[in-house]
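Below is a short briefing on a structure, arranged by topic. Please have the sequence and the model open while reading.

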Amino acid sequence: MDTVLAAPTPTPRPSGGLPSPTTTAGERAAALAAADAVARPTEKMSAHDLHAWFGKAEALKGITLPLLERRVTAIIGPSGCGKSTFVRCLNRMHEVVPGARVAGRVLLDGQDVYASQVNPVRVRRRVGMVFQKPNPFPTMSIRENTLAGLRLGGEKAPDPAGLAEKALRQAALWDEVKDILGRSGSGLSGGQQQRLCIARALALEPEVLLMDEPCSALDPIATARIEELIHGLRERYTIVIVTHNMQQAARVADYTAFFHLGELVEYDRTDVLFTRPSRQRTEDYITGRFG
Amino acid sequence: MTSPERHPDATGADAPASGERSGRTPSGPPPAAVPSDLLRPRARSEQVVRLVLFVCALVSIVTTVGIVVVLVRESAGFFAEVSLAEFFGDSQWTPLFDQKHFGIWPLLAGTLLTTLIAVLVALPFGLLAAIYLAEFAPERLRRVLKPALEVLAGIPTVVYGYFALTYVTPALQLVVPGLAGFNALGPGIVMGIMILPIIASLSEDAIYAVPASLREASYALGAGRLRTVFRVVVPSAFSGIGASVILGVSRAIGETMIVAIAAGQQPRLTFDPRVPIETMTAYIVQISLGDTPTGTVEYRTIFAVGLCLFLMTLVLNIAAYRLRKRMLKGGLT
């Protein structure tokens, strides 16, 4: 799957036929298929024969997968299939867990993030992450949470207020919190907290945004808002979203990868994977025969 | 019913038979067999054990109440003769002199001074030790170091007292000019060493309990380890750390032996750590061991001072309890 030639330069989205959030998933997929057939987008990131272990247990058994620039890639699969581990390997968060180990290569703009001289802190600066459970910093206000990445990185924003507003607007949270920026982030609802965490990641202007089951702790309304948000963010960011909700993958993702038992079973355009899967295991999973 | 030990409602097929055995509902389905089981009287031993445990719990409460009653009653006798205005308005404490003064401030100053020195020693060392143990020490080292640290808390305070008097003070005299043989500095530092395990151990618990999700959030934002620890983890553990410090302070205020041995017994309204002072606890020891006749106002001073001590530590312990509750309630996540 990774053998397809990468286009030499980042491809702009097709003008005119730009899929808007209001178009149906089918229309969007068709427009995207047409565009990507003409010129395949750059591989913003890619994994090559990626293995990961927790102690002796091998969680990933040689994953090779491209993540296309300014596309949403969904990772689906039953619990314990390694999908979370996979995204955590992309920004070197896997190794934070004691006893965890990684082998293989992960390229970000062609550079191996696991090369010995690479500083994992710099990788995480460019590859943002949103977690399953909203985790705003309880000791910080909403504004401080939004700017936490800069502060924790020891950087100074030239215009902190402007940056916080921009990030909160991108995360579609500004209107709800603009009058309470000094309050603690823990007082927000679960969905708002998760959008605050997205704002916190976006304030660092990452190139890639990893979302590890960002909606699994949220109610359907909050989930819909996050999905809407992803539709907007796809214009600027390369997004990888782990989800155990296949409808969600179908709604938000341009490309979908199906993981099972630490292996990549199938990767394709989302519409193709869900309507004409080429592997039996994929079909069994998406039709609900296991998982 | 060939096997009487079999449980009556083990299987549905056995149910009618077990019903017959109970002699109530010959043709009853399984539920009929249940009442005989439910009506079996509660074991007597269980009630006895419960009563014994209740009495044990009661003893500590009764003791506390008794202490408070005695303190308040004796203090009332004291304040009948010495006005509150004098107690809190006079700057001298000389109940044993001909010229009697009953101003609590010299004793209070002595207590606060030694406590302050103790906290200045214990807070930085205790907190840094806690941070190291919780965040940096390898798990195996942590398992050895933490109990070792807690051993410090088990050393009898009389040992600490003589350690302050015969070792720490002479050593300090080499570097601190004008340090008297009895002073606040030496016992204050040793008291700091004494409460260090409390602060270190409880703070370590608090830091260790900070959810991993916050550390991960910080790492994922590109923060390094030190910034993660000092800007995210430690602030999140603030309630627990605060509680540990307050409990440490509470211990220091109530500490008796070290200051009685090494701080001198001269009530003096000063914040100079080099000269002899007397703390509230040390004063109580002095009177208790002396030949002050019971029932006199001089004797009753110790109850008034004791009541003050009790109120101070009570307030601090309540504050610590509240902070810890806030921490355990998970104001963190």
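**Briefing: hairpin, sheets, helices and interface**

His51(A) stands opposite Lys61(A), a residue in strand 2 of chain A. This is a predicted model, in which local features need pLDDT of at least 70, side-chain atom pairs count only at pLDDT 80 or more, and totals for chains, interfaces and linings use all residues. Residues are numbered from 1 along each chain as its sequence is written, while chains are lettered from A and ligands numbered from 1 in the order in which they are written.

**Confidence and overall form of chain A**

- The mean pLDDT of chain A is 87, and 90% of its residues reach 70 or more; pLDDT is the predictor's confidence in each residue, from 0 to 100.
- Over residues 1-21 of chain A the pLDDT is below 50, yet this stretch has 34 contacts in the model beyond near neighbours in sequence. Two residues are in contact if their C-beta atoms, placed from the backbone, lie within 7 Å.
- Chain A holds 12 helices and 10 strands. Helices (H or I, at least four residues) and strands (E, at least two) are DSSP runs, numbered from the N terminus.
- The radius of gyration of chain A is 19 Å, which agrees with the value near 19 Å for a compact globule of 291 residues. The radius is taken over C-alpha atoms, and the globule rule is 2.2 Å times the number of residues to the power 0.38.
- The C-alpha trace of chain A spans about 55 × 45 × 40 Å along its principal axes.
- Of the 291 residues of chain A, 48% count as buried. A residue is buried if 20 or more other C-beta atoms lie within 10 Å of its own, exposed if 12 or fewer, and partly exposed in between, with C-beta atoms placed from the backbone.
- Among contacts in chain A between residues at least 6 apart in sequence, 69% join residues at least 24 apart.

**Hairpin and sheet in chain A**

- Strand 1 (residues 43-54) and strand 2 (residues 57-68) of chain A run antiparallel and are joined by 9 bridges. Two strands pair if DSSP finds at least two bridges between them.
- These two strands of chain A form a hairpin with 2 residues between them, and Gly55(A) in the turn has a positive phi of about 60°.
- In chain A, 4 strands form an open sheet in the order 2-1-4-5, with antiparallel pairing. Strand 2 and strand 5 (111-112) of chain A stand at the edges with a single partner strand each, so one side of each is left without a neighbour in the sheet.
- Strand 4 (residues 100-108) and strand 5 of chain A pair over 2 bridges in the antiparallel sense. Leu107(A) stands opposite Asp112(A) of strand 5.

**Single residues in chain A**

- Most residues other than glycine have a negative phi, and most peptide bonds are trans.
- Ala172(A) is not a glycine but has a positive phi of about 55°. Ala172(A) lies in the loop between helix 6 (160-170) and helix 7 (174-177) of chain A, and counts as partly exposed because it has 17 C-beta neighbours inside 10 Å.
- Glu213(A), also not a glycine, has a positive phi of about 45°. The loop between strand 7 (208-212) and helix 9 (220-233) of chain A holds Glu213(A), which is buried, with 21 other C-beta atoms within 10 Å.
- Ala257(A) is found in strand 9 (residues 255-260) of chain A and is buried, with 27 other C-beta atoms within 10 Å. Leaving aside neighbours within four places in sequence, Ala257(A) is in contact with Leu65(A), Thr73(A), Ile75(A), Leu264(A) and Tyr267(A).

**Chain B**

- Helix 3 (residues 44-81) of chain B has 38 residues and should span 56 Å at 1.5 Å a residue; its end C-alpha atoms are 55 Å apart, which agrees. The expected span is 1.5 Å times one less than the number of residues.
- In helix 3 of chain B, 2 of the 38 residues are buried, so this helix lies largely in the open.
- In helix 11 (residues 238-254) of chain B, 14 of the 17 residues are buried, so helix 11 is largely enclosed by the rest of the structure.

**Interface**

- 20 residues of chain A are in contact with 20 residues of chain B. Helix 3 (120-126) and helix 5 (148-152) of chain A each supply at least two residues of the side that touches chain B.
- The residues of that side of chain A divide into 10 nonpolar, 6 polar and 4 charged. Ala, Val, Leu, Ile, Met, Phe, Trp, Tyr, Cys and Pro count as nonpolar, Asp, Glu, Lys and Arg as charged, and the others, Gly among them, as polar.
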